[in-house]
Amino acid sequence: MQNVIEVQHLSKSFGNHEVLKDIDFSVNKGEVVCIIGSSGSGKSTLLRCINLLEKPSGGQIIYHGENILDEKHDIHAYRKKLGMVFQQFNLFNNHNVLSNCMVGQVKVIKRSKEDAEKVALKYLKVVGMDQYVNAKPKQLSGGQKQRVAIARALSMEPDVMLFDEPTSALDPEMVGEVLKVMKELAGTGLTMLIVTHEMEFAKEVADRVVFMDKGVIAEEGTPEQIFNNPKEDRTKAFLKRTLS
Ligand SMILES: Nc1ncnc2c1ncn2[C@@H]1O[C@H](COP(=O)(O)OP(=O)(O)OP(=O)(O)O)[C@@H](O)[C@H]1O
Ligand SMILES: [Mg+2]
């Protein structure tokens, strides 16, 4: 299987607090990987190190066979290939829906406005938001905003999509519409790395589940292995706490 991203011996400290410890981990092409674990276990930090929103303290991130943490590496080219969806949407509030999905394409990957609009409309359709092109974010519900944020990230046609708890800030009745879109995307063969507290979603959609605890990957495996037959005591304890 072909790796999209491979992380080797990754570590991250904030001051003398070591938040990630010697993480080895990879995402394969077309794979959907869900990261689960308690609050503070380092899930967001791992995602933020992968897309270089945080600078790792040590280790390597291998992308297309090259360590992108090498000084000579063009990290801008790398970052363009990663789509990111945050808990808090992070839309541009003064831009309408269509423009939100075009700005990055025009400014970062230098597409013409015409092409950018076509691509934006294509992905707004995928997430069911093509009827809202002229709306401003403040006119949308949380679920709609998150679907626009997903379309915006997809419009950059990334190699891999990273999601950090995309449904955690949503009212319960809006969680389903976002998970449905993500499930459809998973079915298209998109490579996805998803931090989530939605265990049912992880069970149903993930090819692989990674359980993090206190800055390490404590256990990983298929959803079947992790949810129905966990080996590690700390995985069992986490699932017991979360699923009860
Ligand atoms: N910028 C920062 N400065 C200092 N400490 C940080 C910073 N970001 C994260 N941490 C610490 O790193 C640890 C891991 O945080 P992280 O946000 O990665 O956890 P998480 O697994 O995503 O938790 P949650 O489920 O609550 O989102 C926590 O102890 C947190 O306080
Ligand atoms: Mg987090």
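**Salt bridges and the ligand shell in a predicted model**

E157 is partly exposed, with a relative accessible area of 32% (buried means under 20%, exposed over 50%, partly exposed in between; 1.4 Å probe, protein chains only). The model is predicted, so that local features need pLDDT of at least 70 and side-chain atom pairs count only at pLDDT 80 or more, while totals for chains, interfaces and linings use all residues. Residues are numbered from 1 along each chain as its sequence is written, and side-chain values use heavy atoms, with hydrogens and water left out.

The side chain of E157 forms a salt bridge with that of R111 at 2.9 Å, N to O (a side-chain nitrogen of Lys or Arg within 4 Å of a carboxyl oxygen of Asp or Glu). R111 lies in the loop between α3 (97-107) and α4 (113-126) and E157 in the loop between α5 (142-155) and β7 (160-164), so the pair ties together parts 46 residues apart in sequence. Helices (H or I, at least four residues) and strands (E, at least two) are DSSP runs, numbered from the N terminus. R111 is partly exposed, at 22%.

A salt bridge also joins E204 and K183, with the closest N and O atoms 2.5 Å apart. E204 is exposed at 54%, whereas K183 is partly exposed at 41%. In the whole structure, 12 salt bridges are found.

Around ligand 1, α1 (43-50) and β2 (17-28) each supply at least two residues of the shell. A polar side-chain atom of T45 lies 2.5 Å from an oxygen atom of the ligand, and a backbone N or O atom of G42 lies 3.0 Å from a ligand oxygen.

Notes. Chains lettered and ligands numbered in written order. Polar contact = N/O pair within 3.5 Å; in protein donor to acceptor, adjacent residues only side chain to side chain.
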